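Please look over the model shown here. The report below covers parts of its helices, strands and side chains.

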Amino acid sequence: MSWRIDGINFTNFKFFKGEFDLNISRKNVLLYGENGSGKSSVFWGAYTLFQSCLKTQKEDAIKYFVPNHDNNLRNKFIDDNDYSGLKIRFKDENGAELTVEDSVDQWSVSTPSVMQFMRKTVQSSDFITYKFLSSLFDFRNSEKNDVFKLFSKDVFPSLNFRTTLIKLDHSDTGKLDADSWWSYISTVYCYLPKNKKNKNSFNQATQDYKDYLNLLSEFNKELDYALTDITIRANKKLKENFGIDASLSFMYEKATFNDRVKGKGRSRNGVVIPPKIILTANMRHPNIADNKTIYHPQSFFNEAKLTCMALALRLAVLDTRPTEGVSYASAIFIDDMLISLDMGYRRKVIQIILPYSINRQMIVMTHDRSFFHLIKEELAVKGQNNWLFLEMYQPEDCSKQLPSVFINKSYLEAAKVYLHSNELAACANALRKACETELKRLLPLNMTLCNNYKGESDNPFIKLSELIRRFEHFRALFNFPDVVPYLTTERKFIMNPFSHDDIYTPQYKSELSLLIKDIDVLHSIEKRLVVKDNWINNRQYSFKVVNGEYVVEAKFRFKERFEIVVYQDVVYYNSPSIVFDFCTSEKIKPGDSYGLNNAFSHVYNIVSYNAKTHPKLEDCMFDVSKGQSIGEIFVGLLSERK
């Protein structure tokens, strides 16, 4: 049984005047919201409600809804006596519901069972914004990159220690999170016994004082351990996922208490000095000459790499948390995370973050339409269907109206609606866009871009006519049948509605119907990646071909992507370049390089097979690290799409 968010309700909160209900039906969400539509209010509304369970006093939780309170987040167009509040509706896979509410009168976690549910949910969830990522390196060169304040606010609530917090009265709080530890340590020292003669100094001989120092020491040890774990995970991501030749580290300066004051004899300061978490970097390129610690990464790396480094850290923190469970929900809210990245980095980051939606509910929000469509394309390639695509637009008058929210239909879906409504020109335009979308999804990125594209063009993609031509080349690479032979003709005479003298004739409508069938065929073609980019040149594969008593084995690595195309449950694959590391036959030497198909033919020819008698490649090729045949891997990839 897994819990997920089914809907979020906002009433007179921030941008929303009146009641605004966002129904997401337990799905992952990709939300495009134009500036001024209330998109950020959705993000911060969910954040406010999630954080409510961490408050120790009801007044601190409901202040956001109290009229005239300095911290209130009430809509500015409502009266003081108007209700303002937030509700999140959770639902499990069996239909059980739990509604959590925060308002001026209602504290969501006043019920112990709800408190437990929400605290586990917060421990498993995260809110990621570009502001957090950029703040990790937002320091002057004259100051250290001390991220303690940022971590204590955004990371500590969900960063678990290995041991629970035990108070000075020896009561076990059962709390593992760093936030509970630090909140207690940074306040309880005020109540330690004082000296009788000097009421301004602490009595260091008391057991409470000694226990406090031990507790502070335990906090330092646990936080240092957690930070080390985070950097190990982050650096692995930088190398394996982001492909960045750099590593990150934290220089931890311990929190201290009641230190001696320099120049004042035996006097002590009587306060807790927070720790420092100094974020530094190192280059890891094999040819680097100066490998000294980089104390100011923001002065050395460009913004794109800094964003990737910050994201690697944030995801490393997320990896330490539990995923979906039977007694709580797990969600990731992402708001305009990648606004500083170019297309190449965006695609890479999208491929890294989307797998997190498998075990957590993901809500991604952006005002960047190109980013919105990049994620849609990637989801189509991955065959992930449990997503809701929404568009959010600002009202004409936010003092009287709520924003408009639409389910984002694909161009193909829209074209079918237009045809049914007899809006034939709109149907033709939608089909043209649908055709472009499907071809861009299937073709490699480099085959969709203009040859002179340098990352600065407003429209980097080639025209539809060239996409169709390159699709023919793509088909040849996979030895894939021509399933849409009339696409070029349809582009010329149908996709442009003004190619007809009378676009409302019955003949034209039947042509549009045929074109819809062809776009449906394109849409049914699936593409899967077998060898990921970071496996190229790194992961070892093997051939083993047996013909009676003759056996030949070889090991090799891919030099290019290995992909499959699936149509009507038949698998077609390309022939990327590979390089041999080893072969039991002297006819193939280490370092020999071939296309995959040619390499396989060399191997099976050695044991006297020919083009008509040889076994299937997928039965003779193995992923060494997995111990699986490529055929078994194909079956796994096909099962994922169901």
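Helix α13 (residues 464-478) lies across strands β15, β18 and β19 and runs at about 100° to β18. Angles here are taken between N-to-C directions, from 0 to 180 degrees, with axes fitted as lines to C-alpha atoms, for helices over the stretch in contact. Helices (H or I, at least four residues) and strands (E, at least two) are DSSP runs, numbered from the N terminus.

The model is a predicted one, in which local features need pLDDT of at least 70 and side-chain atom pairs count only at pLDDT 80 or more, while totals for chains, interfaces and linings use all residues. Residues are numbered from 1 along each chain as its sequence is written, and side-chain values use heavy atoms, with hydrogens and water left out.

The three strands β15-β18-β19, in that order, form an open sheet with antiparallel pairing. β15 (526-531) and β19 (570-573) are at the edges with a single partner strand each, so one side of each has no neighbour in the sheet. From one strand to the next, the twist averages 30°. Two strands count as paired if DSSP finds at least two bridges between them.

A second open sheet has 6 strands in the order β21-β20-β17-β16-β22-β23, also with antiparallel pairing. Its edge strands, β21 (593-595) and β23 (628-629), each pair on one side only. Helix α16 (residues 596-606) packs on this sheet and touches β16 (540-547), β17 (550-558), β20 (577-583), β21 and β22. The direction of α16 makes about 105° with that of β21. Contact means heavy atoms within 4.5 Å.

| Strand pair | Bridges | A bridge partner pair |
|---|---|---|
| β15 and β18 (residues 562-567) | 5 bridges | R528 and I564 |
| β22 (residues 621-623) and β23 | 2 bridges | D623 and Q628 |

Elsewhere, helix α6 (residues 178-188) has the buried residues A178, S180, W181, W182, Y184, I185 and V188. Buried means under 20% relative accessible area, exposed over 50%, and partly exposed in between (1.4 Å probe, protein chains only). The cover over the buried residues of α6 includes α5 (148-154), α7 (207-242) and β9 (272-273).

D518 is placed in helix α15 (residues 506-524). D518 is buried yet has no salt bridge, that is, a side-chain nitrogen of Lys or Arg within 4 Å of a carboxyl oxygen of Asp or Glu. The nearest side chain of opposite charge, K517, is 8.9 Å away; Lys and Arg count as positive and Asp and Glu as negative, with His and the chain ends not counted. Leaving aside neighbours within four places in sequence, D518 is in contact with V484, Y486 and E490.
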